[in-house]
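Please read the numbered points alongside the sequence and the model.

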Amino acid sequence: MAGAIVVAGVLLAGALRTGTEVRSEIPIEGVFAEAPFREEVRELAFGTTLGQLLREAGLESNDHHEFLLAFREHGSPQRLRAGADVIFRRQGEEERIDQVQVELDADRRVVLRRDQAGRWQAGLEVLPTMVDTVYAVGEIATSLWNAIMDSPELDAVPRGDRRNFIDDLDRVFQWEVDFHREIQPGDSFRFVVERVKRPDGSMKSGQLLAAELVNDGDPHHAIWFDPNGDGEGSWYNLEGESVRKAFLLRPLKFSRISSRFTMSRFHPILRRWRAHRGVDYAADAGTPIEATADGVVTRRGWNESYGRVIDLRHGNGILTRYAHMQGFAQGTEVGSRIRQGQVIGYVGMTGMATGPHLHYEMHTRAGPVDPLSVDLPPAEPVPAEALAQWELIRDAHLTLLMRLPGADLLNFRYADQQ
Ligand SMILES: [Zn+2]
């Protein structure tokens, strides 16, 4: 059986609207028709600033400073992404700009309006979204990838989302099960994922709440727990231990190892035997590179052999290095704090490289180590002060998993101990 069953049900419908629109409580006779207005959509081109766009749209230059000041209450003009829509509304015969909407991302926009005194006031609008939940269960015939991508029952779920499910499961179980080498026919999976739906019908996969992977008869569990509700939670097994290590195994999601750590190999450019004190991952140019652990940027720059390179310093005197990058991501200046999984740059072939790939190194105080064989330190368990809350969440999320058919597959190790 390679089947997977999916039940998508709406668990929670949250509609948020925090615009600045004020509606009068008293009904007013319709004496005046609203003055006609015209809306014009402009796209923020790559390398263009919001200020330049305002000039192009013809906003009076003595208005710019106050406009940007109001905008900054809700967003940073430097952080707008290329391609963002900016909508200008022109009022009356003079076509004076009286309202501007600036898109921050797919879910949020800043709306600026002139008040009666003609001053710019800004408000943040969050588009109303709905969160539903996708449940999936299946048995693996060949690989987890095939079980999820080729499942006819998952047809209703876009392929991009299915790919994200696989990525999530790999993200969670990468230290316990090698998806390429250890998965075998008869293994099974089940998981519960939140999904966010926007008014335009587009969706994005949300949080993986709970997952089980039975590998060779051994059940592995991961339960999402976010005690502060700030999105910075983690996954734990049923005993409350982190299923993650302090370091991700790989800095790239979908990639192939093209060269392993060795003390001596033939170097294709230098044409001589030389140690390779890192791991190479072949990937398309532009593939995002993720920091493997929380850390601080200690170097960002250019080196003749490494090309564009970033060094991160982590706890316990460990350093990781990412080389041959095409470019650096925003927020990676020297001294920046970086979180595990944060994108720090993009795969390239700068420096001494024969093709696009990432060269990744890990150093301890004793010297370079093989990131694929080093014993990685575990991440922190559930904090002691959050244990009571954790037990409630764990049981609630396990109940979600148990709604799925074949729940007898579950082996409640924690229940056995009681
Ligand atoms: Zn290398």
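1. The secondary structure of the protein consists of six helices and 23 strands. Helices (H or I, at least four residues) and strands (E, at least two) are DSSP runs, numbered from the N terminus. Residues are numbered from 1 along each chain as its sequence is written. The model is predicted: local features need pLDDT of at least 70, side-chain atom pairs count only at pLDDT 80 or more, and totals for chains, interfaces and linings use all residues.

2. The pLDDT, the predictor's confidence in each residue from 0 to 100, averages 82 over the protein, and 85% of the residues score at least 70. For residues 1–32 the pLDDT is below 50, and this stretch has 56 contacts in the model beyond near neighbours in sequence. For residues 407–418 the pLDDT is also below 50, with ten such contacts. Two residues are in contact if their C-beta atoms, placed from the backbone, lie within 7 Å.

3. Among contacts between residues at least 6 apart in sequence, 63% join residues at least 24 apart. Of the 418 residues in the protein, 28% are buried. A residue is buried if 20 or more other C-beta atoms lie within 10 Å of its own, exposed if 12 or fewer, and partly exposed in between, with C-beta atoms placed from the backbone.

4. Which residues touch the most other members of the largest nonpolar core? They are L169, V172, F191, A210 and A211, in a core of 37 residues. Such a core is a set of buried Ala, Val, Leu, Ile, Met, Phe, Trp, Tyr and Cys residues joined through C-beta atoms within 7 Å. Elements giving two or more residues to this core include α4 (159–173), β8 (188–197) and α5 (387–402). Strand β9 supplies the largest share, six residues.

5. Leaving aside neighbours within four places in sequence, V172 contacts L208, A211, A222, W235 and V243. A second, separate core has 25 residues, among them L248, Y306, L312 and F328.

6. An open sheet is formed by five strands in the order β2-β3-β4-β5-β6, with antiparallel pairing. Strands pair if DSSP finds at least two bridges between them. The edge strands, β2 (37–43) and β6 (120–126), each pair on one side only. Seven bridges join β2 to β3 (residues 85–91), and E40 stands opposite F88 in β3.

7. Helix α2 (residues 61–72) packs on this sheet, touching β4 (96–103), β5 (108–114) and β6. The direction of α2 makes about 35 degrees with that of β6; axes are lines fitted to C-alpha atoms, for helices over the stretch in contact, and angles run from 0 to 180 degrees between N-to-C directions.
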